Amino acid sequence: MSTRPLLMQVVWCWLLLSGLLWGGPAKAADEILLKEFVITTPEKPTQLVANVSFDYQLNSYLREGLLNGVTLKQTISFDLVWESLWLWNTTRPLDKVETELQYHALSKHYQLERLDTQEHWNFTSLASALDYMGSLVNHKLPALPPNTLGTNAAVVIKVTLAPKSPVLPLKLRLLFTDDYAIESQGVKWPLP
(Lines give C-alpha, C1' and ligand atoms only; values in the text may rest on other atoms or scores of the structure.)
Protein backbone atom coordinates (compact mmCIF):
# COMPACT_ATOMS: atom_id res chain seq x y z
CA MET A 1 0.00 0.00 0.00
CA SER A 2 1.42 3.34 -1.05
CA THR A 3 1.48 6.24 1.40
CA ARG A 4 2.22 8.77 -1.31
CA PRO A 5 -1.48 9.69 -2.11
CA LEU A 6 -2.25 10.01 1.60
CA LEU A 7 0.82 12.20 2.11
CA MET A 8 -0.21 14.43 -0.81
CA GLN A 9 -3.72 14.85 0.65
CA VAL A 10 -2.26 15.85 4.01
CA VAL A 11 0.08 18.38 2.36
CA TRP A 12 -2.76 19.90 0.32
CA CYS A 13 -4.98 20.18 3.38
CA TRP A 14 -2.18 21.79 5.36
CA LEU A 15 -1.50 24.31 2.54
CA LEU A 16 -5.19 25.14 2.26
CA LEU A 17 -5.59 25.67 6.00
CA SER A 18 -2.41 27.75 6.30
CA GLY A 19 -3.52 29.88 3.37
CA LEU A 20 -6.87 30.54 5.04
CA LEU A 21 -5.28 31.31 8.41
CA TRP A 22 -2.47 33.54 7.14
CA GLY A 23 -4.31 35.16 4.27
CA GLY A 24 -7.63 35.57 6.01
CA PRO A 25 -10.59 37.19 4.37
CA ALA A 26 -9.94 40.32 2.39
CA LYS A 27 -11.23 43.53 3.94
CA ALA A 28 -14.04 45.20 2.07
CA ALA A 29 -12.84 48.20 0.09
CA ASP A 30 -15.98 50.21 0.69
CA GLU A 31 -17.64 50.64 4.04
CA ILE A 32 -18.78 53.17 6.60
CA LEU A 33 -17.72 52.45 10.17
CA LEU A 34 -19.27 54.14 13.18
CA LYS A 35 -16.61 55.54 15.52
CA GLU A 36 -18.86 57.42 17.97
CA PHE A 37 -22.60 57.82 18.55
CA VAL A 38 -23.78 59.63 21.69
CA ILE A 39 -27.14 61.20 22.40
CA THR A 40 -27.53 63.57 25.34
CA THR A 41 -30.47 65.51 26.78
CA PRO A 42 -28.96 68.79 28.02
CA GLU A 43 -32.10 70.89 28.50
CA LYS A 44 -35.19 68.72 28.67
CA PRO A 45 -35.83 65.03 28.11
CA THR A 46 -37.66 65.57 24.83
CA GLN A 47 -34.77 67.56 23.26
CA LEU A 48 -31.95 65.28 22.08
CA VAL A 49 -28.45 66.34 20.99
CA ALA A 50 -26.42 63.93 18.84
CA ASN A 51 -22.65 63.61 18.49
CA VAL A 52 -21.71 61.25 15.67
CA SER A 53 -18.44 60.27 14.02
CA PHE A 54 -17.95 57.98 11.00
CA ASP A 55 -14.97 56.57 9.12
CA TYR A 56 -15.29 56.13 5.35
CA GLN A 57 -13.49 53.58 3.17
CA LEU A 58 -14.25 54.48 -0.46
CA ASN A 59 -14.02 51.98 -3.28
CA SER A 60 -12.15 52.79 -6.49
CA TYR A 61 -15.38 53.57 -8.37
CA LEU A 62 -16.36 56.35 -5.94
CA ARG A 63 -12.80 57.75 -5.79
CA GLU A 64 -12.44 57.87 -9.57
CA GLY A 65 -15.93 59.25 -9.99
CA LEU A 66 -15.19 62.02 -7.50
CA LEU A 67 -12.00 62.96 -9.35
CA ASN A 68 -13.91 62.95 -12.66
CA GLY A 69 -16.60 65.39 -11.57
CA VAL A 70 -19.20 63.19 -9.85
CA THR A 71 -20.67 64.73 -6.69
CA LEU A 72 -21.00 62.40 -3.71
CA LYS A 73 -24.04 62.89 -1.51
CA GLN A 74 -24.06 61.79 2.13
CA THR A 75 -27.31 61.34 4.02
CA ILE A 76 -27.32 60.85 7.79
CA SER A 77 -30.82 59.82 8.82
CA PHE A 78 -32.21 59.66 12.34
CA ASP A 79 -35.35 57.55 12.73
CA LEU A 80 -37.57 56.79 15.70
CA VAL A 81 -38.26 53.06 15.92
CA TRP A 82 -40.75 51.32 18.19
CA GLU A 83 -39.93 47.64 18.40
CA SER A 84 -42.83 45.25 18.23
CA LEU A 85 -43.13 41.68 19.39
CA TRP A 86 -45.08 40.96 16.23
CA LEU A 87 -43.75 41.11 12.69
CA TRP A 88 -43.20 44.80 12.01
CA ASN A 89 -41.55 47.61 13.88
CA THR A 90 -43.00 51.10 13.62
CA THR A 91 -40.57 53.62 12.12
CA ARG A 92 -40.93 57.39 11.92
CA PRO A 93 -38.33 59.73 10.36
CA LEU A 94 -36.95 62.14 12.94
CA ASP A 95 -34.24 64.12 11.13
CA LYS A 96 -31.96 64.02 8.11
CA VAL A 97 -28.62 65.77 7.45
CA GLU A 98 -27.43 65.89 3.84
CA THR A 99 -23.95 66.84 2.70
CA GLU A 100 -22.40 66.98 -0.78
CA LEU A 101 -18.72 66.45 -1.60
CA GLN A 102 -17.19 67.39 -4.92
CA TYR A 103 -13.70 67.81 -6.37
CA HIS A 104 -12.62 70.90 -8.31
CA ALA A 105 -9.92 69.90 -10.79
CA LEU A 106 -8.71 73.45 -11.56
CA SER A 107 -8.09 74.47 -7.96
CA LYS A 108 -7.33 70.89 -6.86
CA HIS A 109 -9.40 71.02 -3.72
CA TYR A 110 -12.43 69.22 -2.31
CA GLN A 111 -15.54 71.25 -1.51
CA LEU A 112 -17.98 70.11 1.14
CA GLU A 113 -21.45 71.65 1.41
CA ARG A 114 -24.03 70.98 4.10
CA LEU A 115 -27.39 71.37 2.39
CA ASP A 116 -29.56 72.30 5.39
CA THR A 117 -27.33 75.16 6.59
CA GLN A 118 -25.74 76.07 3.22
CA GLU A 119 -22.26 76.05 4.83
CA HIS A 120 -19.21 75.41 2.61
CA TRP A 121 -15.75 74.12 3.48
CA ASN A 122 -12.68 73.58 1.28
CA PHE A 123 -10.05 70.88 1.83
CA THR A 124 -6.78 70.07 0.10
CA SER A 125 -6.99 66.32 0.67
CA LEU A 126 -9.73 63.73 0.40
CA ALA A 127 -8.87 62.28 3.81
CA SER A 128 -9.44 65.59 5.61
CA ALA A 129 -12.69 66.20 3.69
CA LEU A 130 -13.98 62.73 4.63
CA ASP A 131 -12.98 63.22 8.29
CA TYR A 132 -14.88 66.50 8.49
CA MET A 133 -17.86 65.10 6.58
CA GLY A 134 -17.98 62.11 8.94
CA SER A 135 -18.45 64.14 12.11
CA LEU A 136 -21.61 65.73 13.41
CA VAL A 137 -21.08 67.65 16.66
CA ASN A 138 -23.85 68.91 18.96
CA HIS A 139 -26.58 68.41 16.36
CA LYS A 140 -29.96 69.23 17.91
CA LEU A 141 -32.60 66.75 16.86
CA PRO A 142 -36.23 67.87 16.57
CA ALA A 143 -38.36 67.56 19.69
CA LEU A 144 -39.64 64.06 20.32
CA PRO A 145 -43.34 63.41 19.81
CA PRO A 146 -45.44 63.28 22.98
CA ASN A 147 -45.51 59.97 24.86
CA THR A 148 -42.28 58.73 23.23
CA LEU A 149 -40.30 58.44 26.44
CA GLY A 150 -41.08 55.40 28.54
CA THR A 151 -42.18 53.38 25.54
CA ASN A 152 -40.18 50.82 23.61
CA ALA A 153 -38.68 53.56 21.38
CA ALA A 154 -35.14 54.01 20.12
CA VAL A 155 -33.28 56.39 17.82
CA VAL A 156 -31.66 54.61 14.88
CA ILE A 157 -28.97 56.30 12.82
CA LYS A 158 -27.98 55.25 9.32
CA VAL A 159 -25.57 56.80 6.80
CA THR A 160 -25.60 56.50 3.02
CA LEU A 161 -22.93 57.79 0.65
CA ALA A 162 -23.79 57.63 -3.05
CA PRO A 163 -23.15 59.50 -6.28
CA LYS A 164 -25.61 62.33 -6.72
CA SER A 165 -28.16 61.39 -9.36
CA PRO A 166 -27.55 63.29 -12.58
CA VAL A 167 -30.46 64.56 -14.65
CA LEU A 168 -29.31 62.45 -17.59
CA PRO A 169 -27.36 59.50 -16.13
CA LEU A 170 -24.16 58.52 -17.84
CA LYS A 171 -24.84 54.88 -17.01
CA LEU A 172 -28.35 53.50 -17.32
CA ARG A 173 -27.57 51.01 -14.59
CA LEU A 174 -27.64 53.85 -12.04
CA LEU A 175 -31.39 54.17 -12.68
CA PHE A 176 -32.15 50.65 -11.52
CA THR A 177 -29.61 49.79 -8.84
CA ASP A 178 -27.72 51.23 -5.86
CA ASP A 179 -24.61 49.09 -6.40
CA TYR A 180 -22.41 52.17 -6.21
CA ALA A 181 -23.76 53.41 -2.88
CA ILE A 182 -22.15 52.71 0.48
CA GLU A 183 -24.50 52.28 3.40
CA SER A 184 -23.76 51.80 7.08
CA GLN A 185 -25.60 49.42 9.31
CA GLY A 186 -28.27 51.01 11.44
CA VAL A 187 -27.16 51.75 15.00
CA LYS A 188 -29.78 51.96 17.73
CA TRP A 189 -29.79 54.24 20.80
CA PRO A 190 -32.63 53.19 23.20
CA LEU A 191 -34.60 56.03 24.76
CA PRO A 192 -35.29 56.03 28.51
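**Notes on the salt bridges**

1. Going through the whole structure, a search turns up 6 salt bridges. Keep in mind that this is a predicted model. A few of the pairs are worth a look on screen, as follows.

2. Start with lysine 73 and glutamate 98: they form a salt bridge, with 3.7 Å between the closest N and O atoms. This pair ties together distant parts of the chain, since lysine 73 sits in strand 3 (residues 72–82) and glutamate 98 in strand 4 (residues 90–104), 25 residues apart. Lysine 73 has 26% relative accessibility, so it counts as partly exposed.

3. Next, find lysine 188 and glutamate 83, whose side chains meet in a salt bridge at 2.3 Å, N to O. Again the link is between distant parts of the chain: lysine 188 is in strand 10 (residues 187–190), while glutamate 83 lies in the loop between strand 3 and strand 4, 105 residues apart. Lysine 188 counts as partly exposed because its relative accessibility is 43%. Glutamate 83, at 36%, counts as partly exposed too.

4. Then there's aspartate 116 with arginine 114, another salt bridge between side chains, at 2.8 Å from N to O. Which of these two is buried, and which is partly exposed? Arginine 114 has 16% relative accessibility, so it counts as buried, under the 20% cut-off. Aspartate 116, at 44%, counts as partly exposed.

5. As for why such pairs turn up: side chains of opposite charge can pair when their charged atoms come close.

Technical notes:
Residues are numbered from 1 along each chain as its sequence is written. This is a predicted model: local features need pLDDT of at least 70, side-chain atom pairs count only at pLDDT 80 or more; totals for chains, interfaces and linings use all residues. Side-chain values use heavy atoms; hydrogens and water are left out. A salt bridge is a side-chain nitrogen of Lys or Arg within 4 Å of a carboxyl oxygen of Asp or Glu. Helices (H or I, at least four residues) and strands (E, at least two) are DSSP runs, numbered from the N terminus. Buried means under 20% relative accessible area, exposed over 50%, partly exposed in between (1.4 Å probe, protein chains only).
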